[in-house]
Every structure is written in structure tokens, then in C-alpha cells.
Amino acid sequence: MVTAGMSSAAAANGVDPAVLGRGRALYVGSCARCHVPVEVTSRTRQQWDEILPRMADKAGLEPVEEEEVAAYIDAVIDVAEP
Ligand code: HEC
């Protein structure tokens, strides 16, 4: 779920917290068509920078949807590693 902490982390990054809800829905929906949703914090930001474009391609995400998923991943990592 999108927690208050994640919303403030996103706001601090200049991201509209509403984007997180869409990013999360894509993450648990489109991203879990082929495999279970991967624990976000099991990968570093650097790893995600390489993985997400590759997976967004596989999932057929629009660029704006990829940004929403990226914002969700960022917020989860921000909260896990303040
Ligand atoms: C069409 C099927 C498919 C979809 C949709 C898909 N994945 Fe994957 N994913 C794979 C396969 C196959 C692998 C293992 C092979 C590889 O890494 O390419 C994988 C591996 C991964 C890994 C581990 C990669 C690594 O190098 O550690 C992560 C993290 C991941 N997916 C996240 C996502 C996310 C986030 C999305 C949505 C944007 C997504 N996947 C959508 C098929 C898919």
C-alpha cells in the first residue's frame, strides 16, 4: 500500500502523491503478470535503473506509466532507507 511516509517522500521529490497509487497498481498488476512482484527493497536504486527500463518494455508500459512505477519504487526505497 501507499503509506503516509511514502507520500511525503514523493512530495519531497516533487512527485504528486497521486502518482504513487497508479505506480503501485501497475507494479502489482502489470509487473506481476510473469512473476510475483519482486520486493522493491531487494534491489538497489542503481540496479533498478538498469532493471526497470528492461521490465517496463516487457510489460508494454507507456513512458508515463514507467515514470509512475519509478516514482513508486523511489518512494518505497526512500522510506526503507531514510
Ligand atoms: C513479459 C513478462 C514480464 C513482465 C511483464 C515483467 N517481467 Fe520482470 N522479469 C521477467 C523475466 C523473464 C525475468 C528474469 C529474466 C530477466 O532478468 O530478464 C524478470 C526479472 C525481473 C527482476 C529481476 C531482475 C534482476 O536482474 O535482478 C525484477 C526486479 C523484475 N523482473 C521486475 C519487474 C517489474 C518492476 C516489472 C513491471 C515494470 C516486470 N518485472 C514485468 C519477465 C517479466
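## Helices α1 and α4

In this structure, Gly 5, Met 6, Ala 9 and Ala 10 of helix α1 meet Ala 71, Ala 75, Val 76, Asp 78 and Val 79 of helix α4, where residues are in contact if their C-beta atoms, placed from the backbone, lie within 7 Å. By class, this contact of α1 with α4 holds 7 nonpolar, 1 polar and 1 charged residues (Ala, Val, Leu, Ile, Met, Phe, Trp, Tyr, Cys and Pro count as nonpolar, Asp, Glu, Lys and Arg as charged, and the others, Gly among them, as polar). The model is a predicted one, in which local features need pLDDT of at least 70 and side-chain atom pairs count only at pLDDT 80 or more, while totals for chains, interfaces and linings use all residues. Residue numbers start from 1 along each chain as its sequence is written, and the helices (H or I, at least four residues) are DSSP runs numbered from the N terminus, as are strands (E, at least two).

Two packed helices are described by the angle between their axes and the distance between the axes. The axes of α1 (residues 4–12) and α4 come within 8 Å and cross at roughly 110 degrees, these axes being lines fitted to C-alpha atoms, for helices over the stretch in contact, with angles running from 0 to 180 degrees between N-to-C directions. The two helices α1 and α4 are therefore roughly perpendicular to each other (65 to 115 degrees, with under 35 counting as roughly parallel, over 145 as roughly antiparallel and the rest as oblique). Their crossing is right-handed, a term for a near helix turned clockwise from the far one by less than a right angle, anticlockwise being left-handed.

## Helices α2 and α4

Helix α2 also packs against α4, at an angle of about 100 degrees and with the axes 7 Å apart, which makes α2 roughly perpendicular to α4. From α2 the contact draws on Val 19, Leu 20, Arg 22, Gly 23, Arg 24, Leu 26 and Tyr 27, and from α4 on Glu 65, Glu 68, Val 69, Ala 71, Tyr 72 and Ala 75. These residues of the contact of α2 with α4 divide into 8 nonpolar, 1 polar and 4 charged.

## Helices α3 and α4

For helix α3 (residues 45–59) and helix α4 (residues 63–80), the axes come within 11 Å and cross at roughly 155 degrees, and that makes α3 roughly antiparallel to α4. The contact is formed by Arg 45, Trp 48, Leu 52 and Ala 56 of α3 together with Glu 66, Val 69, Ala 70, Ile 73 and Ile 77 of α4. By class it has 7 nonpolar, no polar and 2 charged residues.

Trp 48, placed in helix α3, counts as partly exposed, with 18 C-beta neighbours inside 10 Å (a residue is buried if 20 or more other C-beta atoms, placed from the backbone, lie within 10 Å of its own, exposed if 12 or fewer, and partly exposed in between). Once its neighbours within four places in sequence are left aside, Trp 48 is in contact with Arg 43 and Ile 73.

Met 1 lies in the segment before α1 and, with 7 C-beta neighbours inside 10 Å, counts as exposed. Although Met 1 and Val 76 are 75 residues apart in sequence, their C-alpha atoms are 9.9 Å apart in space. Val 2, in the segment before α1, has 19 C-beta neighbours inside 10 Å and so counts as partly exposed. Beyond its neighbours within four places in sequence, Val 2 is in contact with Ser 7, Leu 20, Gly 21 and Arg 24; between Val 2 and Arg 24 the C-alpha to C-alpha distance is 7.6 Å.

Asp 16 sits in the loop between α1 and α2 (17–28), and its 13 C-beta neighbours inside 10 Å make Asp 16 count as partly exposed. The C-alpha atoms of Asp 16 and Ala 71, 55 residues apart along the chain, are separated by 9.3 Å.

## The ligand shell

The ligand is surrounded by 15 residues, of which the closest are Cys 31, Cys 34, Val 38, Met 55 and Ala 59 (a residue is near a molecule or strand if its C-beta atom, placed from the backbone, lies within 6 Å of it). Helix α3 supplies the largest share of this shell, 6 residues, and by class the shell has 10 nonpolar, 2 polar and 3 charged residues.

Terms used
Contact = placed C-beta atoms within 7 Å.
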